[in-house]
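Please brief me on this structure, for someone who has not seen it before. Group the points by topic and keep the wording plain.

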Amino acid sequence: MRGNFATITKMFSAGVVAAGLSMSSPAKAAEDTIKVGILHSLSGTMAISETTLKDAMLMLIEEQNAKGGLLGKKLEAVVVDPASNWPLFAEKARELISKDKVAAVFGCWTSVSRKSVLPVFSELDNILFYPVQYEAEESERNVFYTGAAPNQQAIPAVDYLMSEDGGSVKRWVLEGTDYVYPRTTNKILEAYLKAKGVAAEDIMVNYTPFGFSDWQTEVSAIKKFGSAGKKTAVVSTVNGDANVPFYKELGNQGIKAEDIPVMAFSVGEEELAGLDTAPLVGHLAAWNYFESVDTPENKKFIADWHKFIKNDKRTTNDPMEAHYIGFNMWVKAVEKAGTTDPDKVIDAMVGVSVPNLTGGYSTMMPNHHITKPVLIGEIQADGQFETVSQTPGLVMGDEWSDYLPDSKDLISDWRAPLSCGNFNVATGRCGGKGTN
Amino acid sequence: MILLRALGLMLVFLMASLLPSNAAESDLRAIIAKFATGTGFAATETVVRELAATGDPLVERPLAALAEGNLYIRKADSAVFVGNEAGDSVTLLDPLSGESAGEAAKADITKIKVNNTLRRVIRDALGTLTLRAKDPAVRIAAADTMFKTPDAANIEPLDAAIAAETDAKVKALFEQARAASILVSDKPEADKLAAIALIGARGDRDALSLLTPVEANAQGAVKDAATAAIASINSSLALWDAGQNIWYGISLGSVLLLAAIGLAITFGVMGVINMAHGEMVMLGAYTTFVVQQVIRTSFPGLFDWSLVIALPLAFLVAASVGLIIERGVIRFLYGRPLETLLATWGVSLVLQQAVRSIFGPTNQEVGNPSWMSGSFDVGQLAITWNRLWILVFALTVFGVLLYVMKRTPWGLQMRAVTANRRMAASMGIRTPWVDALTFALGSGIAGIAGVALSQIDNVSPNLGRGYIIDSFMVVVFGGVGNLWGTLVGAFSLGIVNKVLEPYAGAVLGKIVVLVLIILFIQKRPRGLFALKGRAAEA
């Protein structure tokens, strides 16, 4: 339905964008600064998640400028608003690169918005940092993926549930919103579970529309599925807005985490902010970062964030950490290359290693994904997560899943001489096609 | 010397026999102290099991605190305390006696971590310990836990508890819990058959999840009995399931009715294609949020009344915004549906962005008052309180609106203006004011719908977007201009949707409903209850 009104949205958002642009461009000569594009929706459905990332980027840029800028120049943020409208993402990306001449772009949230800007970035040869956990099955030369691939979130989460600590789960409900990320993730998970010896009748897959709000039938189906005498868990790829009514219904129907835990991949501190979490204590989430992580780097980050946003209650979350890592990597790569020329920076990026907020280092791998620790957290009554399990080392992002028949032979390596994002090791040729 | 020592020993024995609880208490303290030495969930679990094995009712306090995540270790001396968080400091209590033991800064103590497995172990342990609790509700909870986690070791304490129990209802639950434990014990077959009969009679999903493994693992008569019991439970559950789908449908219908009823006025009665209708609902929800914020900071005791207080305010806020929209925009556009559609769509974007700028783009937390949380059982039907109250509320709003339309002079004027504007004007009715007030009424009703919807949905700037399409669907399907049509339309769409959902899934179910509506509109363009007479031709 939204598509029908796209043009009207566009007309309206043009005004907002104009206002945003004039605010964010300080009166300075263009040669003095290095421009950094921020491509996050500030209006429309995705504004709920993406506005925070825009603010996080502005904070990081401000901090870098306080440290003396980059290559002796100040950084300048160029903020545009693609208004949760996928074609507009491509237009705005083009505008950032051709008109504003930005050195790199940080942006996008949904996979469809990323897909819509990919051609623009390869045509105009610029850099995109994508900070959100996603379904992978993609590796582009111009994109650096700082969010988690399925093997950095979904697979370890399922491993945890199967372990004794996680309750030795035998029966699985894969509950998701009906779009590409849940569908691909669930495909990978189903293949993985079956490889681990889970019978087909012990897996239930169900999808609901975007923004779904009446979860009564689904929750009672979960209850029913869980009454077969085997330990049951729900793996939820339910997207943003639909989570609050989902958890409310779980709480009201009395499904306790001790009986049927829900492991979520899209629920972070920010989503919990709209909820009374007391009935949800013990439900789980898998991320690479939690606000509750107790490290000096994280404490400083949170303090800086509260100071920047002038609100002590605002939470931090995983995609913010991804931008933190991505931005610092870019800064380091630019310093290494001695220029902001995207071609040179792309080559300099691989192998760059910067501290993450969980007390370790994240490194950019040749497949343009990064290494991260995987944390499993339980929801607490105060709306925070408490880490109950952490992978012993860092996990490297796997762009082509080993569990899908179409992509198991593919690898990506953007270093010369291979320089290919979809090299098929079985046929020895560049140009394989994954599941999407 | 020997004499003295003997005397001393005697004294110790005497004291020990006189104060048995003290000796036991020091043992308990020794066990509790082990929380500080072990690390990891496995170590904590060992200590929990050790504490539970003492069977001393005193351990209830530390165990319950641990399950809640309120058990702390003081870093300085590794002493264990129950703590209550209060801002940056934590009030410490003695884990056994519950006496105050001063305060500590958060940095000086560490919380003992718990996970789901530990919580389950603690819950089971507490179940056994609280069988003799004074409060029947606690005993029922204990019986429930023991039923769900059967263990042969439970039979003995349950036998004792059954013998001592006076409350018939609790006693029956104890007996079911005992039966569940017998199934996993090595008791003779006759006992197990009796247990299966008892559990089968319970007839719910918990019984099913106990019997399924029995059917898979047992042999002979026990297996047959389990199979029979499962079959009978399944057949009765199938009936309840059908009932449940209908209830879910009614409940969804009540939400649709609430969302659509304001639109039935603005669009149905006045003919204004009001795309900003959803934003009126959103304004109502945000009013609830603001009311709750004020109550939380200034009058915490009134929290359970927050929704009642929010209702008139939400009506006023949404109605006045509606009045402004009507006076400012819509009145210039009567009779031009396309322009109205575009203008109200623009208004809706402005309202959304305004709310986003004022309150931020993130979800706001609107709490459920205690009377809207949880559920109760009717047979095997779990009915959640919030859904029930929303149904009651939707029907009340409908009744009041119907009364206003049919029985008050204002309603008469409204209907007169709708039926024939020029005639009404010549009779001395101030039609512009009636238009404005009607639009305000429709908007206000959308506002109070927002109060109810804040209880089950996100309170975010996008709240209204999710309801606008459904609302139009209900009004068009029910018949434009007819309140009863809206009622019947909402409930039939809700029920069809929810009956389809278990078979077709939520995505396909919604598509099927849409296709059905399109076909229906082809056949009956004016909806279920078409208005007859002059109004219909206008």
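Chain A of this predicted model is divided into domain 1 (2-148 + 296-372) and domain 2 (151-293 + 374-396), with bounds that come from an automatic or database domain assignment. Residues are numbered from 1 along each chain as its sequence is written, and chains are lettered from A and ligands numbered from 1 in the order in which they are written. As the model is predicted, local features need pLDDT of at least 70 and side-chain atom pairs count only at pLDDT 80 or more, while totals for chains, interfaces and linings use all residues.

**Domains of chain A**

- The C-alpha centres of domain 1 and domain 2 of chain A lie 29 Å apart.
- Their contact takes 23 residues from domain 1 of chain A and 21 residues from domain 2 of chain A; two residues are in contact if their C-beta atoms, placed from the backbone, lie within 7 Å.
- On the side of domain 1 of chain A that touches domain 2 of chain A, at least two residues each come from α2 (47-66), α4 (111-124), α10 (296-309), α11 (318-337) and β13 (371-372) of chain A. Helices (H or I, at least four residues) and strands (E, at least two) are DSSP runs, numbered from the N terminus.
- α2(A) gives the largest share of that side, three residues.
- By class, that side of domain 1 of chain A has seven nonpolar, eleven polar and five charged residues. Ala, Val, Leu, Ile, Met, Phe, Trp, Tyr, Cys and Pro count as nonpolar, Asp, Glu, Lys and Arg as charged, and the others, Gly among them, as polar.

**Sheets of chain A**

- Seven strands of chain A form an open sheet with mixed pairing, in the order β7-β6-β8-β9-β10-β14-β15. Two strands pair if DSSP finds at least two bridges between them.
- At the edges of this sheet are β7 (203-208) and β15 (385-390) of chain A, each of which pairs on one side only.
- On average, neighbouring strands of this sheet are turned by 25° against each other, direction ignored.
- Gly176(A) stands opposite Thr237(A) in β8(A).
- Another open sheet of chain A has three strands in the order β17-β18-β19, with antiparallel pairing.
- β17 (410-413) and β19 (429-430) of chain A each have a single partner strand, so one side of each is left without a neighbour in the sheet.
- Three bridges join β17(A) to β18 (residues 420-424) of chain A in the antiparallel sense, and Leu410(A) has Asn424(A) as its bridge partner in β18(A).

**Contact between the chains**

- Chain B brings 55 residues to the contact and chain A brings 50 residues.
- Elements that give two or more residues to the side of chain B that touches chain A include α11 (220-269), α14 (337-359) and α20 (483-523) of chain B.
- That side of chain B has 18 nonpolar, 25 polar and twelve charged residues.

**Domains and strands of chain B**

- Chain B is assigned domain 1 (133-218) and domain 2 (241-537), and 48 Å separate their centres, taken over C-alpha atoms.
- β2 (residues 80-86) and β3 (residues 89-93) of chain B run antiparallel and are joined by five bridges; the partner of Gly83(B) in β3(B) is Leu92(B).
- β3(B) also pairs with β4 (residues 100-105) of chain B, in the antiparallel sense over four bridges, and here Thr91(B) stands opposite Glu103(B).
- Six residues lie between β3(B) and β4(B) in the hairpin that they form, and Gly98(B) in the turn has a positive phi of about 80°.

**Helix packing in chain B**

- α16 (residues 409-419) and α18 (residues 431-453) of chain B pack at an angle of about 110°, with their axes 10 Å apart. Axes are lines fitted to C-alpha atoms, for helices over the stretch in contact, and angles run from 0 to 180 degrees between N-to-C directions.
- α16(B) and α18(B) are therefore roughly perpendicular to each other, a term that covers 65 to 115 degrees.
- In this pair, Gln413(B), Met414(B) and Val417(B) of α16(B) meet Thr431(B), Val434(B), Asp435(B) and Thr438(B) of α18(B).
- The residues of this contact divide into three nonpolar, three polar and one charged.

Methods: Angles under 35 degrees count as roughly parallel, over 145 as roughly antiparallel, 65 to 115 as roughly perpendicular and the rest as oblique.
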